[in-house]
Amino acid sequence: MKKKEDLLKELKDTVINYDEDGCKAAAQEYADVNYPALEGIMDGLAAGMQVVGELYEKNEYFVPEVLMCADALYAGLAILRPLVPKAGRGPKSQVVIGSIQGDVHDIGKNLVKMMFDVAGWEVYDLGRDVPLEDFVKEQMRTDSEVVAMSAMMTTTMLGMKKVIKMIKEKNPNVMIMLGGAPVTKDVAKLFGADGYAESAGNAVQEGIRMIGRLREFEASKAAS
Amino acid sequence: MAEMSGYERVMRTFGREPVDTMPFFSGMGMVLQPAIKKLGYKFPQVHTSAEKLARSGIESARMFNLDSVVIPYDMCWESEALGNKISLYEDSEDILYPTIPNKNWTELDQVNITDNDIETIMSRGRMQLIPEAIKIVKKEAPEKALGAWQLGPFTQMGQTIELDKVLKAVFKQKAKVEAILDRFTEMIIEIGKSLQAAGADFITLREPGVAADLISPKTFKEIIKPRLTRILDAWKSPKVLHICGSTDSLIEMMHDCGADALSVDIKNNLIESRKKLGDNVLLFGNFDVFALPCKAETTVEQAVAGMKTNIDGGVDAVWPGCDLWPDIKEENFRAMEQTVREYGRKASPALGRTDGGSLKK
């Protein structure tokens, strides 16, 4: 029987090396010996994706590699996520996510969605080309804590500002995350967002940072 | 000496002849909401009528003293001509460009672009509107240079198959990707020739899907560059190559592709690019199409300062980094144009001035 540390390294390495089959096999082996699933996800799969984000930042990986790493991660996640014990945890945190109306690009959106999946959130994925008011309706319906929106083109980015205004008017505590090529830190701040990612690869980095923030958020929620 | 017309200024720029002042134009989508309003059009209507396409382009250029008219605006023409349905957002109150919500080809293996598709492409979908609009502009606005454009093969492939599949296939099905890119390359060459034959004064090859924040410079060199070179080689001059996004590591390879001028967006470090290219290459760019002309909080003074920074970066003509966002702040955009004319009276690295402003030796 392999040691837990060895299997965690395998999970991490197969994500980094975009080895979908290898990741699936490592996750199954990890699950078969009943090692803690959450640890496998966070210290194996997510740790691998963190390295992927770093490789992207260093221009060693580009978006095609990041997408293939994400496929490997999802292969492992499909096996480990159902094994995470639900007992002792409060209701799941929730996020509404989608690409804004007029934008049919969803690569960055899907990478951010992946990070919420990793963190165990309930994800309401509205898809792409989503009418502005649908974000508001879905947030109200689900009472989600986070709304994440993506736009790859300047021509659609302005819709985000309207959505943020509509949501914050109804519920100022909702966290807003923006992403996409035209979205800069300035734009995110100007629009009243709480976080941003400017590119698909950068979305992974931002997503990883957000996992830390989300954990703090969940801890404070559990304490209150 | 009398002030040059936009047409003269642009054509002399491409011909490397001295101009009176810096050109302010674009080769990418440039339709502006004040012009559309003045004409009484709705934004979705301008994409489906040659007349409205031409009139809105002319009015946009005249209203803000731009040197060129650009035809067309949206990026869905070819994908629609290959059988995909477009969404025009006719019911939306916002300005939304047409999109292809669902693509007929879901896998690379389904892609089949025949010789007949390429030969007949100009008669499919809305395609015939583009040469019609070009002819109207040429007749009605001879004082403006007319720019047409085509998406590059990789970006066009992403308009017909989901981009994430295309990107992954670069690794997993490289030969297939290259074969499809070759078909798109042939199609783009033929469309470009048709637009030039209709009267386009210059043409821009836009390949935003290949920036170095998306794919590696190695992939660009191996897969993209040979095809961009082939397209540019097949088109007559003047021709511009534009890539959005991170281009610092690509700029020299962009130059090798054979365009008469290069255009980059705000992510490019102009000063560094100019150092790499030298002073003999026409470089256009690169103002932020949201921050300067559109952002409600941007003052006229900030817009003016932004233009000066843009010119100081070493461009030979001020171009937007991408399609202009139609809903501009008029006072900002007018101030930007005036600043380019006044601050741009001095010679730029590759272009002299008629009043004696000489090139940097």
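## Polar links between the chains

Across the interface of chain B and chain A, six residue pairs are in polar contact, both residues at pLDDT 80 or more. A polar contact is a pair of N or O atoms within 3.5 Å; within protein, one must be able to donate a hydrogen and the other to accept it, and residues adjacent in sequence count only if both atoms are side-chain atoms. Helix α8 (residues 163-172) of chain B gives the largest share of the side of chain B that touches chain A, namely six residues. Helices (H or I, at least four residues) and strands (E, at least two) are DSSP runs, numbered from the N terminus.

Three salt bridges are counted between chain B and chain A. A salt bridge puts a side-chain nitrogen of Lys or Arg within 4 Å of a carboxyl oxygen of Asp or Glu. A:K161 forms a salt bridge with B:E297; the closest N and O atoms are 3.9 Å apart.

## Basis of the model

This is a predicted model: local features need pLDDT of at least 70, side-chain atom pairs count only at pLDDT 80 or more, and totals for chains, interfaces and linings use all residues. Residues are numbered from 1 along each chain as its sequence is written, chains are lettered from A and ligands numbered from 1 in the order in which they are written, and side-chain values use heavy atoms, with hydrogens and water left out.

## Interface area

In chain B, 28 residues are in contact with 28 residues of chain A. Contact means heavy atoms within 4.5 Å. Chain B and chain A bury about 2700 Å² between them, with 65% of it on carbon and sulfur atoms. Three residues supply 21% of the area that chain B buries against chain A: B:F171, B:F290 and B:W325.

## Aromatic pairs

Over all chains, the structure holds 17 aromatic pairs. Rings of Phe, Tyr and Trp (its six-membered ring) pair if their centres lie within 6.5 Å; planes under 30 degrees apart count as stacked, over 60 as edge-to-face and the rest as tilted. A:Y18 and A:Y61 form a tilted pair, 6.0 Å centre to centre with 55 degrees between the planes. A:Y18 lies in the loop between α1 (4-16) and α2 (20-32) of chain A, and A:Y61 in the loop between α3 (37-57) and α4 (63-80) of chain A, so the pair ties together parts that are 43 residues apart in sequence. A:Y18 is partly exposed, at 30% relative accessible area. A:Y61 is buried, at 12%. Buried means under 20% relative accessible area, exposed over 50%, partly exposed in between (1.4 Å probe, protein chains only).

In chain B, the ring centres of B:F14 and B:F284 are 5.9 Å apart and the planes are at 65 degrees, so the pair is edge-to-face. B:F14 is in helix α1 (residues 6-14) of chain B and B:F284 in strand β6 (residues 282-287) of chain B, so the pair ties together parts 270 residues apart in sequence. B:F14 is buried at 11%, and B:F284 is buried at 0%. Ring pairs link both into a cluster with B:F25, B:F202 and B:W319.

## Charges over rings

The charged end of B:R206 sits over the ring of B:W149, 4.6 Å from its centre. B:K346 lies over the face of B:Y343, at 4.2 Å from the ring centre. The rule asks for NZ of Lys or CZ of Arg within 6 Å of the ring centre and within 35 degrees of the ring normal.

## Residues in their surroundings

B:V70 is in strand β1 (residues 68-71) of chain B. B:V70 is buried, at 0% relative accessibility. Leaving aside neighbours within four places in sequence, its contacts include B:M28, B:G147 and B:W149. A:S99 is in strand β1 (residues 94-99) of chain A and is likewise buried, at 0%. Among the residues A:S99 touches, not counting those up to four places away in sequence, are A:H105, A:R128 and A:F135.

B:R12 is in helix α1 of chain B. B:R12 is partly exposed, at 23%. A polar atom of the B:R12 side chain lies 2.7 Å from the backbone oxygen of B:P18. B:K225 lies in helix α10 (residues 217-234) of chain B and counts as buried at 18%. Beyond its neighbours within four places in sequence, B:K225 is in contact with B:F220, B:M253, B:D256 and B:C257.

Terms used. Buried area = accessible area lost by both parts, 1.4 Å probe.
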